[in-house]
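This briefing is for a reader meeting the structure for the first time. It starts from a single residue and then widens to the whole chain.

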Amino acid sequence: MGLIELRVHDLLHVPSPDAVEVVDPPLWLAGTLAAAPWVVVRRAPSRNGRVAVGIRGATRDQRCAAYLDPVHIRQRVAPEDLVARAAWEEAPRRAHPVLVELARRAPAFTATGLVWGIAGGAGFELATGMPVLSDSSDLDLILRGAPPLPETVLTAFAALTGEAACRIDVLVETPAGGFSLAEFVGTSDTLLLRRPDGARLVARASLRAGVAP
């Protein structure tokens, strides 16, 4: 599988812990990958043909950056794939509050016509079957789009994330980078644009016009 087919937030199944390259692996890493041999494409440049990936452990402080040769990818699950197959409907822990909120709001999200997907802990649990969601977990979603951004529809999508049993965070992924939907529909003149070479503040108006760096 080539690098060009991979996008940030994609989950990748690897054959073994040895498939990933980590300079200084933490003690928890091998056991975590043995139990759930999945990594997520992170927002960073590739290196020597290796895609930048991240590995999540059992707790929030257990995160590890790594690189992966694409030849080791056994399966890719994109955030949008989980929506397309309504993965929450068959989830073993579909009674978890985060997945209940997801199931309750999914039809309205889809009705906006935007391309959306499930990332973060919910996406990981739905893709892998590993129970990583906790009582304090958020529901992380992504939207895919390109300029000109449909501001009215994005605002409508943001309105659907309110008054939930858990926090719902939405990232808008564009060719220019990713940014918070809440910031985009907010009142600040600037917002944080996340790019592979780092994050930077940009003028909200420039994103609207599709001229952000």
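Apart from neighbours within four places in sequence, Ile142 is in contact (heavy atoms within 4.5 Å) with His9, Pro79, Glu80, Val115, Trp116, Gly117, Ala119 and Leu171. The model is predicted, with local features needing pLDDT of at least 70 and side-chain atom pairs counting only at pLDDT 80 or more, while totals for chains, interfaces and linings use all residues. Residues are numbered from 1 along each chain as its sequence is written, and side-chain values use heavy atoms, leaving out hydrogens and water.

- Ile142 lies in strand 8; strands (E, at least two residues) and helices (H or I, at least four) are DSSP runs numbered from the N terminus.
- With a relative accessible area of 1%, Ile142 is buried, a term for under 20% relative accessible area, where exposed means over 50% and partly exposed lies in between (1.4 Å probe, protein chains only).
- Val170 is 28 residues from Ile142 in sequence, and their C-alpha atoms are 5.4 Å apart.

**The whole protein**

- Seven helices and twelve strands make up the secondary structure of the protein.
- The radius of gyration is 17 Å, close to the 17 Å given by the globule rule for 213 residues, so the protein is as compact as a globular protein of that length. The radius is taken over C-alpha atoms, and the rule is 2.2 Å times the number of residues to the power 0.38.
- Along the principal axes, the C-alpha atoms fill a box of roughly 45 × 40 × 30 Å.
- Of the 213 residues, 45% are buried.
- Among contacts with a separation of 6 or more, 61% are between residues 24 or more positions apart.

**Helix 5**

- Leu154, Phe157 and Ala158 are buried in helix 5 (residues 151–159).
- Seen down the helix axis, the buried residues of helix 5 fall within an arc of 100°, so they line one face of the helix. The arc is that of the directions from the axis to the C-beta atoms.
- Thr152 and Ala159 are exposed, on the face of helix 5 turned away from its buried side.
- The cover over the buried residues of helix 5 includes helix 3 (97–111), strand 7 (115–119), strand 8 (139–144), strand 9 (168–174) and helix 6 (181–184).

**Helix 4**

- Helix 4 (residues 120–128) has seven of its nine residues buried, so it is largely enclosed by the rest of the structure.
- Those buried residues are Gly121, Ala122, Gly123, Phe124, Glu125, Leu126 and Ala127.
- After helix 4 comes Gly129, with a positive phi near 85°.

**Val53 in strand 4**

- Val53 is part of strand 4 (residues 51–56) and is buried, at 0% relative accessibility.
- Beyond neighbours within four places in sequence, the contacts of Val53 include Leu12, Val39, Val40, Val41, Arg42 and Cys64.
- Ala209 is 156 residues from Val53 along the chain, and their C-alpha atoms are separated by 31 Å.

**Loop residues with positive phi**

- Most residues other than glycine have a negative phi.
- Asn48, not a glycine, has a positive phi of about 55°.
- Asn48 sits in the loop between strand 3 (38–41) and strand 4 and is exposed, with a relative accessible area of 68%.
- Glu163 also is not a glycine and has a positive phi, near 50°.
- The loop between helix 5 and strand 9 holds Glu163, which is exposed at 81% relative accessibility.
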